[in-house]
Amino acid sequence: MFERHITRSELLRCALCKDAPCTAACEALDPARILCCLWFDDEKTAAAGFPEHSPCAACPAPCEDACVRAHQVPIRRLLTRLHAEVKPQLEIGVPEDEDRLRTELCGVPLENPFLLSSSVVASTYDMCARAFEAGWAGAAFKTICSFPIHEASPRFSAITGDNGSIIGFKNIEQLSDHSVAENMEIFRRLKENYPNKFILASIMGQNDAEWEELSRLCEENGADAIELNFSCPNMADGGLGSDIGQVPELVERFTAAARRGTKLPILAKLTPNVAVMSPAAEAARRGGADGLAAINTIKSIIGVNPHTYVSSPAVHGKSAVGGYSGNAVKPIALRFIAELAQNPALQGMHLSAMGGVETWSDALEFILLGAGSVQVTTAVMQYGYRIIDDLKAGLNYYLAEKGFAQVGEAVGLALDAVSDSTDVLERDTVVFPKFHREKCIGCGRCVISCADGGHQAIRLSDDRRPVLDGRKCVGCHLCVLVCPEKAISSSRKRIRNRSDKGA
């Protein structure tokens with residue numbers, strides 16, 4: 001989304017350690033913190049906090065000696081580049097405070113827009129307390145119910161990238177396995193010890209009476225708002241979870257039941273396992289909801305074992321369709337948030353967005369499409385509560401750099417450019433690719449992709465450099481995407497002559 005000088009691919013061997021040895025070995029800086037900034041797209045904050053005179057240039061790099069993958073992470077080179085290439089280009093320093101991050105959820109103050117989403121990451125007092133201490137504004141507590149929960153083992157699976165980091169994550173986990181009374185005690189303790197943190201009580205009932213009773217109990221025990229779980233893909237049996245979210249009449253009915261039990265703000269958490277989300281969202285509003293939360297996980301199957309023929313996670317030779325999350329689902333989540341934000345019948349409702357948020361720039365995309373708060377789970381499961389540091393720092397720096405006084409000023413700014421139809425797009429201009437010879441390594445990947453997946457508009461010269469045939473190029477930019485060195489960018493435009501082939 002933003003042009004960066006240092007990319008995640010340059011520190012793939014970094015393990016993002018707990019109590020990192022590289023920092024313990026350095027007397028001048030906190031290399032581990034800086035590497036986290038780079039991993040989570042926060043290079044400007046890292047550079048802005050860097051000393052005017054870099055201590056890395058003449059350093060023998062004990063940080064690299066101490067690294068758990070000794071000398072496999074180019075720490076000194078990365079820090080030196082951060083100081084030399086990024087810091088001189090900064091227009092502002094590190095903002096003095098985080099006041100511009102302050103916002104609200106249905107009238108309830110939030111110190112920043114970041115919440116834990118309802119899941120295992122917000123399922124005990126200790127976990128929520130540690131998250132609050134780390135800087136999260138609040139938590140949507142793991143869904144409370146009055147029926148017994150008995151989990152399977154194992155219950156997680158994932159699709160990973162080349163370095164082992166999670167791209168897409170599957171779970172077959174269900175709801176809170178604590179009793180209602182135990183969860184109410186947790187709420188009371190959290191509100192007593194963290195009165196300024198936001199407690200979003202996620203609930204699921206089996207009938208009208210349970211929805212009403214659970215919402216009443218949550219209000220009496222300190223919750224700030226109620227989230228109605230109409231979307232868990234792992235609770236479909238018996239008409240629970242996403243079965244409800246797919247039936248607008250049930251969404252309206254059970255929202256109304258919960259509304260009878262509380263005066264607190266109510267958010268309906270909706271399922272993405274539908275073609276469009278608006279019918280359920282409008283039903284929630286009719287039932288008395290003040291806001292919407294989306295998306296929950298997407299029904300999925302991951303990794304069929306070629307020997308056992310069982311998908312993952314396998315539980316004693318069986319598996320099941322489960323919920324898919326992680327950065328891979330972000331485009332789908334963004335689409336649903338934009339749909340809800342653009343629906344005139346939903347205007348004024350708070351949108352709490354989730355689905356693939358890992359960095360502050362991920363969160364910003366949801367905000368620009370209409371979200372007033374952002375929830376996170378999968379990234380926390382992978383990297384820990386500590387990611388809040390870069391979520392806050394990166395977003396705060398962006399807002400300050402752009403001159404926003406409050407994060408709320410950015411909400412919805414991208415909506416006017418979004419259409420659900422490609423018919424609105426201008427089609428008479430071709431944007432040529434531009435080849436940067438100083439970066440090009442002559443691999444020919446652009447030629448292969450253009451030949452076999454494009455319009456045969458690129459060839460390699462004798463010195464193994466790409467040459468464009470402008471008569472054939474249609475400006476699709478496949479070459480830009482496949483280049484491993486990011487040596488291709490957008491270039492000049494030309495107006496398509498309607499007599500051209502394909503016009």
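Helices here are DSSP runs (H or I, at least four residues), numbered from the N terminus. The model is predicted: local features need pLDDT of at least 70, side-chain atom pairs count only at pLDDT 80 or more, and totals for chains, interfaces and linings use all residues. Residues are numbered from 1 along each chain as its sequence is written, and side-chain values use heavy atoms, without hydrogens and water.

Helices α12 (residues 330–342) and α13 (residues 360–368) pack at about 25°, with axes 9 Å apart (lines fitted to C-alpha atoms over the stretch in contact; angles run from 0 to 180 degrees between N-to-C directions). The pair is therefore roughly parallel (under 35 degrees). Lys330, Ala333, Leu334 and Ile337 of α12 meet Asp362, Glu365 and Phe366 of α13 (contact: heavy atoms within 4.5 Å). These contact residues comprise 4 nonpolar, no polar and 3 charged.

Leu340 also lies in α12. Leu340 is buried, at 2% relative accessible area. Beyond neighbours within four places in sequence, its contacts are Met277, Ser278, Ala281, Leu292, Ala294, Leu346 and Leu351. The C-alpha atoms of Leu340 and Ser278 are 6.3 Å apart, across 62 residues of chain.

Terms used
Helices (H or I, at least four residues) and strands (E, at least two) are DSSP runs, numbered from the N terminus. Angles under 35 degrees count as roughly parallel, over 145 as roughly antiparallel, 65 to 115 as roughly perpendicular and the rest as oblique. Ala, Val, Leu, Ile, Met, Phe, Trp, Tyr, Cys and Pro count as nonpolar, Asp, Glu, Lys and Arg as charged, and the others, Gly among them, as polar. Buried means under 20% relative accessible area, exposed over 50%, partly exposed in between (1.4 Å probe, protein chains only).
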